[in-house]
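Here are some notes for a colleague who is opening this structure for the first time. Please read them with the sequence and the model side by side.

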Amino acid sequence: GPDKCISCIDNHFLMPETSTCVNECPDGYTQGKQNPRICDRIDCPGLCQACQADNTDVCTQCIEGAVFHSGQCLLKCPEDSDFYDLDDTCVASKTDCSAIQGCTKCAQDFDSICFVCNPSAWVLN
């Protein structure tokens, strides 16, 4: 139809899937190697939904159901580690949790989030 682009004006890039022109290639796309005026989809490994264009081994976003940990997407945070799942991101924990009574492991950067309680303590939501 008339609303399908086959090329774009200067400083715009063609999105081949939608035949539209954009000011910049969106997340998950990069300027094409063969034609820099076209946005190429970046193929990311494993559980990555989006990754760095210049280093696809570094994830920037995970698929639903995966957790983000140090630039990687995993099914769950590493077992026997000091990392815990917080909103689909593995966050470091600490044992100095005096801000929460009865908490033995809490989020390193969020004192108010407890991961492990002393068994004799009750948690009130």
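1. The side chains of E79 and K76 are joined by a polar contact of 2.7 Å, a term for a pair of N or O atoms within 3.5 Å in which, within protein, one atom must be able to donate a hydrogen and the other to accept it, and residues adjacent in sequence count only if both atoms are side-chain atoms. E79 is found in the loop between β8 (72-74) and β9, and with 58% relative accessibility E79 counts as exposed; here buried means under 20% relative accessible area, exposed over 50%, and partly exposed in between (1.4 Å probe, protein chains only).

2. Please keep in mind that this is a predicted model, in which local features need pLDDT of at least 70 and side-chain atom pairs count only at pLDDT 80 or more, while totals for chains, interfaces and linings use all residues. Residues are numbered from 1 along each chain as its sequence is written, and side-chain values use heavy atoms, with hydrogens and water left out.

3. H69 lies in strand β7 (residues 67-69), strands being DSSP runs (E, at least two residues) numbered from the N terminus. With a relative accessible area of 13%, H69 is buried, and, leaving aside neighbours within four places in sequence, H69 is in contact (heavy atoms within 4.5 Å) with L74, P78, F83 and C90.

4. The largest nonpolar core has 8 residues, among them I42, C44, C73 and A66; such a core is a set of buried Ala, Val, Leu, Ile, Met, Phe, Trp, Tyr and Cys residues joined through side-chain atoms within 4.5 Å. At least two residues of this core come from each of β5 (48-51) and β6 (59-62). A second, separate core of 5 residues includes M15, C25, Y29 and C39.

5. Strands β11 (residues 103-107) and β12 (residues 114-117) pair in the antiparallel sense over 3 bridges, where pairing requires that DSSP finds at least two bridges between the strands. A hairpin joins β11 to β12 through 6 residues, and C106 has C114 in β12 as its bridge partner.

6. The search of the whole structure finds 1 aromatic pair, with pairing defined for rings of Phe, Tyr and Trp (its six-membered ring) whose centres lie within 6.5 Å, and with planes under 30 degrees apart counted as stacked, over 60 as edge-to-face and the rest as tilted. Y84 and F115 form this stacked pair, at 4.7 Å centre to centre and 15° between the planes. Y84 in strand β9 (residues 83-86) and F115 in strand β12 are 31 residues apart.

Notes
Helix = DSSP H or I, 4+ residues; strand = E, 2+ residues; numbered from the N terminus.
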